Amino acid sequence: MTASLPADIADVLAAVLNADSPINAALRKQVPHVSVRERCTCGCGTAYFELDTGKVEPAPTAPGTVVAAEAQLVTEAGECPGEVLVFTQNGYLSWLEVCSWSDDIEVTLVAALRWLRTRS
């Protein structure tokens, strides 16, 4: 967990960025330098980041805004109520989006982390 990030965000970033790839490795190096600028007020857990780009190298992503990492959420019952997306802008962490596809299952950062941990 990163001291500058709330535990729920740090834990979900760690789970989504756990794959061995050059992009994920570069983004993991950025996490200690990220802070939350703003959070969505609906309770989903979406967070917008601040990052001192002078302290880290950009990840090898396409220029502009891209989804650099993603994880589909699967419940214990096998349902897919949503996903978590990690966005970058020019290779730097920009925001974490929690997307809901279901009206029946509440998708939050806490629920996302629980479902991400069960797939490991």
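This is a predicted model: local features need pLDDT of at least 70, side-chain atom pairs count only at pLDDT 80 or more; totals for chains, interfaces and linings use all residues.
In helix 2, which spans residues 22–30, the buried positions include N24, A26, L27 and Q30. These residues lie on the same side of helix 2, because they cover an arc of only 165 degrees around the axis. P22 and K29, by contrast, are exposed on the other side of the helix. The cover over the buried residues of helix 2 includes helix 1 (7–16) together with strand 1 (34–39), strand 2 (47–51), strand 3 (65–73), strand 4 (82–89) and strand 5 (92–100).

The largest nonpolar core comprises 36 residues, and L5, I9, V12, L13, V16, F49 and L96 have the most contacts inside it. At least two residues of this core come from each of helix 1, helix 2, strand 2, strand 3, strand 4, strand 5 and helix 3 (109–118). When neighbours within four places in sequence are left aside, L5 is in contact with A10, L13, V31, V34, S35, V36 and F49.

Two aromatic pairs are present in the structure. The ring centres of Y48 and W95 are 6.1 Å apart and the planes stand at 35 degrees, so this pair is tilted. The pair connects distant parts of the chain, with Y48 in strand 2 and W95 in strand 5, 47 residues apart. The rings of F87 and W95 have their centres 4.1 Å apart and their planes at 15 degrees, and this pair is therefore stacked.

Methods. Residues are numbered from 1 along each chain as its sequence is written. Side-chain values use heavy atoms; hydrogens and water are left out. Buried means under 20% relative accessible area, exposed over 50%, partly exposed in between (1.4 Å probe, protein chains only). Helices (H or I, at least four residues) and strands (E, at least two) are DSSP runs, numbered from the N terminus. The arc is that of the directions from the helix axis to the C-beta atoms. Contact means heavy atoms within 4.5 Å. A nonpolar core is a set of buried Ala, Val, Leu, Ile, Met, Phe, Trp, Tyr and Cys residues joined through side-chain atoms within 4.5 Å. Rings of Phe, Tyr and Trp (its six-membered ring) pair if their centres lie within 6.5 Å; planes under 30 degrees apart count as stacked, over 60 as edge-to-face and the rest as tilted.
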